[in-house]
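Welcome! Take a moment to look over the sequence and the model, and then let us walk through them together.

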Amino acid sequence: MALIGNIIVMALFVLQMAVFIYVLSSWLPGLRESQFGEALGKVVEPVMEPFRKIIPPIGMIDISPIVHYWHSN
């Protein structure tokens, strides 16, 4: 049972890091359009979409990753 718990915790950590990298990639020109950025977007976007429906962007700033991070801790 502890093994399953450890796998879940590790998967959530990897997802958290993927969201973090995805957010940072928005600051680097062209990274989201690369193969890596597109693959990362396919993983992160479905997770972020429910948060974006609840919390709209403030001007040009999307705060849904912050809420996702806070919710996962």
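Start at M17, whose place is in helix 1. Keep in mind as you look that this is a predicted model. Is M17 buried or exposed, or something in between? With a relative accessible area of 33%, M17 counts as partly exposed, because that label covers values between 20% and 50%.

Now move along to I21, which also has its place in helix 1. I21 is partly exposed because its relative accessible area is 38%. Leaving aside residues up to four places away in sequence, I21 touches F36 and L40. For a sense of distance, I21 and M60 lie 39 residues apart in sequence, and their C-alpha atoms are 19 Å apart in space.

Both of these residues belong to a nonpolar patch on the surface, made of M10, F13, V14, M17, F20, I21, L24, W27, L28 and F36. Together they have about 1,000 Å² of accessible area. Which helix gives the most to the patch? That is helix 1, residues 2-25, with 7 residues.

Helix 1 has another side to its story. Its buried residues are L15, Q16, A18, V19, Y22 and S25. The length of helix 1 agrees with expectation, because its 24 residues should span 34 Å at 1.5 Å a residue and its end C-alpha atoms are 34 Å apart.

Next comes helix 2, which covers residues 35-54. Helix 2 has 20 residues and reaches 29 Å from its first C-alpha to its last, close to the 28 Å expected. Where does helix 2 have a kink? Look at E45, shortly before the proline P46, for a kink of about 40°. The buried residues of helix 2 are G37, L40, G41, V44, M48 and F51, and one of them, L40, is touched by I21 of helix 1.

Finally, step back to see the whole chain. It has 3 helices and 0 strands, and from the N terminus on its elements run α-α-α. Along its principal axes, the C-alpha trace spans about 45 × 30 × 15 Å. Of the 73 residues, 22% count as buried. The accessible surface of the chain comes to about 5,700 Å², and 75% of that belongs to carbon and sulfur atoms. Among contacts between residues at least 6 apart in sequence, 30% join residues at least 24 apart.

How values were computed
Residues numbered from 1 in each chain as written. Predicted model: local features only at pLDDT ≥ 70, side-chain atom pairs only at ≥ 80, totals over all residues. Heavy atoms only, no water. Patch = residues over 30% accessible without salt bridge, like charges linked within 9 Å, V, L, I, M, F, W, Y side chains within 5 Å. Areas by Shrake-Rupley, 256 points an atom, 1.4 Å probe, with all protein chains shown as cover. Salt bridge = Lys/Arg side-chain N within 4 Å of Asp/Glu carboxyl O. Helix = DSSP H or I, 4+ residues; strand = E, 2+ residues; numbered from the N terminus. Buried < 20%, exposed > 50% of the residue type's maximum accessible area, 1.4 Å probe, protein only. Contact = heavy atoms within 4.5 Å. Expected span 1.5 Å × (residues − 1). Bend = angle between axes of the 7 residues up to and from the residue.
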